[in-house]
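Student: I would like to go through this structure and ask what stands behind each label.
Tutor: Good. Ask, and we will set values against cut-offs.

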Amino acid sequence: MKGLFKSKPLSPPELVRHLRELLNFINPATPSREPKKEKYREEKMSEFNKCILEMRSILYGIDGAEPVLEACAQLTQEFMKEDTIRLLIVCLPKLDLGARQNATRVITNLSRQRIDSRSMAAEYLENNLDLINILILGYEDNEIALSYGPILRECIRCQSVARYVLESAQMKNFFDYVQNPNFEISSDAAATFKELLTRHKSTVAEFLSKNFDWFFQEYNSQLLQSPNYITRRHAVKLLGDMLLDRSNSAVMIRYVISLDNMRILMNLLREPNKAIQLESFHVFKLFVANQNKPPEIVGILLSNRSKLLRFFSGFNIDKEDEQFEADKAQVVKVITDLNLEADDDEQ
């Protein structure tokens with residue numbers, strides 16, 4: 001008779017409570033190697049896989065159907081209780097690949113859930129910032145990096161969390177993470193690095209202003225001058241995004257008065273890769289357009305006038321772009337006029 005009756009589906013809060021029990025078993029305070037307990041653990045892992053898959057279905061919907069908002073809200077509220085989200089993050093390295101991927105998607109979705117216009121995940125994270133340290137250190141473990149990375153990016157959508165990361169000692173570690181030999185991990189770290197330096201405008205501007213010297217010294221030496229062309233390409237693109245953002249106008253002015261910075265960009269313009277050339281041009285034009293160029297920058301532009309004009313005469317992109325052509329024409333005009341001004345001064 002028992003097989004004739006199906007157990008009643010768990011409600012979202014019950015599902016989270018059951019998950020919490022499973023997590024405490026998967027990550028016990030005192031691990032055991034007894035064969036019986038190991039077998040029992042396998043059974044609990046199977047239960048966990050079903051549980052996390054059911055949560056994913058609630059949050060993302062099934063077969064194209066929209067998720068039920070009330071169920072999502074209940075799941076989110078229960079998840080923030082008794083450190084369930086912490087338990088799940090800490091347990092991720094102990095899960096198999098499939099369960100880890102599902103758990104990662106559940107956590108990233110929960111981070112975006114809003115209840116009465118409030119982000120419960122943001123409120124939780126603000127009081128548990130040590131979790132962010134755990135997520136960042138995930139980039140030092142190739143097994144977990146691609147799970148912790150997406151979760152970290154969701155977390156730094158919260159401005160206070162992004163500020164915490166920017167101001168932390170671990171911010172410097174990103175210069176190593178984006179150069180990980182594993183392409184997938186370096187790309188993921190680069191996506192997080194970009195998010196940190198572009199999402200929250202006022203916070204980023206404050207960070208760059210306060211940390212200008214060490215940050216751009218590392219940025220120039222480790223990224224723009226990296227032996228890896230993909231690293232250089234991503235770095236010069238991100239540099240342009242930062243300097244061309246109006247919120248960073250003061251930072252941009254400080255950057256473009258440096259002769260060393262301009263030399264790096266001039267070298268990048270000589271790269272054989274068209275994408276790097278184009279992104280470098282978008283930064284180089286800022287040095288040329290600066291109305292208050294230091295004498296040493298004017299001198300370098302003049303001494304390299306012929307080479308620069310010859311380069312720009314053949315510098316084109318594959319598709320028509322009126323803005324690019326206008327910018328290039330303006331750069332050529334300014335460099336040419338600088339030379340005429342110098343001739344006038346000599347006379």
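**Labels and their grounds**

Tutor: Start with helix 12, residues 201-210: its buried residues are Thr203, Val204, Ala205, Phe207 and Leu208. The model is a predicted one.

Student: What covers the buried residues of helix 12?
Tutor: The cover includes helix 9 (159-167), helix 11 (183-198), helix 13 (212-224), helix 14 (229-243) and helix 15 (249-255).

Student: How do you know how far to trust the chain, in terms of pLDDT?
Tutor: The mean pLDDT of the protein chain is 89. Of its residues, 92% reach 70 or more. Over residues 341-347, though, the pLDDT is below 50. That stretch has 1 contact in the model beyond near neighbours in sequence. Where pLDDT is low, the predicted coordinates should not be read in detail.

Student: Why is the pair of phenylalanine 174 and tyrosine 177 called edge-to-face?
Tutor: A search of the whole structure finds 26 aromatic pairs. For phenylalanine 174 and tyrosine 177, the ring centres are 5.4 Å apart and the planes stand at 75°. Pairing needs centres within 6.5 Å, and edge-to-face needs an angle over 60 degrees. Both conditions hold, so the pair is edge-to-face.

Student: Where do phenylalanine 174 and tyrosine 177 lie?
Tutor: Both are in helix 10 (residues 174-177). They are 3 residues apart, about one turn of the helix. Phenylalanine 174 and tyrosine 177 are both buried.

Student: What makes tryptophan 214 and phenylalanine 215 edge-to-face?
Tutor: Their centres are 5.9 Å apart, with 75° between the planes. The angle is over 60 degrees, so the label is edge-to-face.

Student: Is tryptophan 214 buried, exposed or partly exposed?
Tutor: Its relative accessibility is 23%. Buried means under 20% and exposed means over 50%. Tryptophan 214 therefore counts as partly exposed. Phenylalanine 215 is at 0%, so it counts as buried.

Student: What sits over the ring of tryptophan 214?
Tutor: The charged end of lysine 172, 4.9 Å from the ring centre. The ring of tyrosine 60 has the charged end of arginine 105 over it, 4.2 Å from its centre. The distance limit for this label is 6 Å.

Student: How do you know that cysteine 72 is in no disulfide?
Tutor: The structure holds 0 disulfides. The cysteine sulfur nearest to cysteine 72 is that of cysteine 51, 15 Å away. A disulfide needs two sulfur atoms within 2.5 Å, so cysteine 72 is in none. For cysteine 91, the nearest cysteine sulfur is again that of cysteine 51, at 13 Å. Cysteine 91 is in no disulfide either.

Student: Are cysteine 72 and cysteine 91 buried or exposed?
Tutor: Cysteine 72 has 1% relative accessibility and so counts as buried. Cysteine 91, at 0%, counts as buried too.

Student: Why are the buried residues of helix 19 said to line one face?
Tutor: Those of helix 19 (residues 305-313) are Leu308, Leu309 and Phe312. Seen down the helix axis, they fall within an arc of 95°, so they line one face. The face turned away from them carries exposed residues: Lys307, Arg310 and Ser313.

Student: What makes methionine 262 a buried residue?
Tutor: Methionine 262 lies in helix 16 (residues 259-269). Its relative accessibility is 0%, so it counts as buried. Leaving aside neighbours within four places in sequence, methionine 262 is in contact with Phe284, Phe287, Ile297, Ile300 and Leu301.

Student: Why is phenylalanine 193 called buried?
Tutor: Phenylalanine 193 is in helix 11. Its relative accessible area is 3%, so it falls under the 20% limit. Beyond neighbours within four places in sequence, its contacts include Phe174, Phe215 and Leu238.

Student: Why is glutamate 82 called exposed?
Tutor: Its relative accessible area is 61%, and the label needs over 50%, so glutamate 82 is exposed. Aspartate 83, with 32%, is partly exposed.

How values were computed. Residues numbered from 1 in each chain as written. Predicted model: local features only at pLDDT ≥ 70, side-chain atom pairs only at ≥ 80, totals over all residues. Heavy atoms only, no water. Phe/Tyr/Trp six-rings, centres within 6.5 Å; stacked < 30°, edge-to-face > 60°. Helix = DSSP H or I, 4+ residues; strand = E, 2+ residues; numbered from the N terminus. Buried < 20%, exposed > 50% of the residue type's maximum accessible area, 1.4 Å probe, protein only. Lys NZ or Arg CZ within 6 Å of the ring centre and 35° of its normal. pLDDT = per-residue confidence, 0-100. Contact = heavy atoms within 4.5 Å. Arc of directions from axis to C-beta.
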